[in-house]
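Me: I am new to this structure and would like to learn how to read its features one at a time. Could you take me through them slowly, giving the general idea before each case?

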Amino acid sequence: DILTIYGGNTMAYKAVKITKGRGGWGGPLTIKPQPGKDLIYCVTGGGIHPVAQRIADLTGGKVFDGFRSSAPEKQIACVVIDCGGTARIGVYPMKRLPTIDVKASSPSGPLMQFIKEDIFVSGVKPEDVKLVE
């Protein structure tokens, strides 16, 4: 088959730069999925958020609804959340998973010491996700 001929993964992942939106904090983050670490983990409720979909569309990563099911952390390229500032806002940065908050939040809550600019960006809208040339 064609995958065998080309040695496996024919998809070349691309990188995106994600900058903070209006009133946001942190970043910018550069996200580039890798084989085996290509999930764009969406934990926003109500299905796939447009920011998560845009990251997946531009990078070639696979968007995944984290509320409907789970995946091993080692497969997650980044996490998209919609947390205003208590639990989820700190859980993923604590695990050093790049975290994109669609709400304009800043470090807060019991895990705020883990929310650093190199792993977290907030206030993100789809237009804040741009392909790295």
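This is a predicted model: local features need pLDDT of at least 70, side-chain atom pairs count only at pLDDT 80 or more; totals for chains, interfaces and linings use all residues.

Me: How many salt bridges does the structure hold?

Reply: Side chains of opposite charge can pair when their charged atoms come close. A salt bridge here is a side-chain nitrogen of Lys or Arg within 4 Å of a carboxyl oxygen of Asp or Glu, and the structure holds four of them. One of these joins the side chains of Asp38 and Lys62, at 2.5 Å from N to O. This pair links distant parts of the chain, 24 residues apart, since Asp38 sits in the loop between strand E2 (29–31) and strand E3 (39–43), and Lys62 belongs to strand E4 (residues 62–65). Helices (H or I, at least four residues) and strands (E, at least two) are DSSP runs, numbered from the N terminus.

Me: Is Asp38 buried or exposed?

Reply: Buried means under 20% relative accessible area, exposed means over 50%, and partly exposed lies in between, with a 1.4 Å probe and protein chains only. Asp38 counts as buried because its relative accessibility is 6%, whereas Lys62, with a relative accessible area of 45%, is partly exposed.

Me: Which residue meets Glu73 in a salt bridge?

Reply: The side chain of Glu73 meets that of Lys95, at 2.8 Å from N to O. Glu73 lies in the loop between E4 and strand E5 (76–81), and Lys95 in the loop between helix H3 (88–94) and strand E6 (99–101), so the pair ties together parts that are 22 residues apart in sequence. Glu73 is partly exposed at 39%, and Lys95 is partly exposed at 38%. Another salt bridge is formed by the side chains of Arg96 and Asp118, at 2.6 Å from N to O.

Me: How many aromatic pairs does a search of the whole structure find?

Reply: A pair of aromatic rings is described by the distance of the centres and the angle of the planes. Rings of Phe, Tyr and Trp (its six-membered ring) pair if their centres lie within 6.5 Å, and planes under 30 degrees apart count as stacked, over 60 as edge-to-face and the rest as tilted. The search finds three aromatic pairs. Among them, Tyr41 and Phe64 are stacked, with 5.4 Å from centre to centre and 10° between the planes. Tyr41 lies in strand E3 and Phe64 in strand E4, so this pair ties together parts that are 23 residues apart in sequence. Tyr41 is buried at 7%, and Phe64 counts as buried at 19%.

Me: Why is the pair of Tyr41 and Tyr92 edge-to-face?

Reply: The ring centres of Tyr41 and Tyr92 are 6.4 Å apart and their planes stand at 65°, so the pair is edge-to-face. Tyr41 in strand E3 and Tyr92 in helix H3 are 51 residues apart. Tyr92 counts as buried at 12%, and Tyr41, Phe64 and Tyr92 form one aromatic cluster.

Me: Which residues of helix H2 are buried?

Reply: In H2 (residues 50–59), the buried residues are Val51, Ala52, Ile55, Ala56 and Thr59. They cover an arc of only 135° around the axis, which puts them on the same side of H2; the arc is that of the directions from the helix axis to the C-beta atoms. Gly60, whose phi is positive, near 90°, follows H2.

Definitions and conventions. Residues are numbered from 1 along each chain as its sequence is written. Side-chain values use heavy atoms; hydrogens and water are left out.
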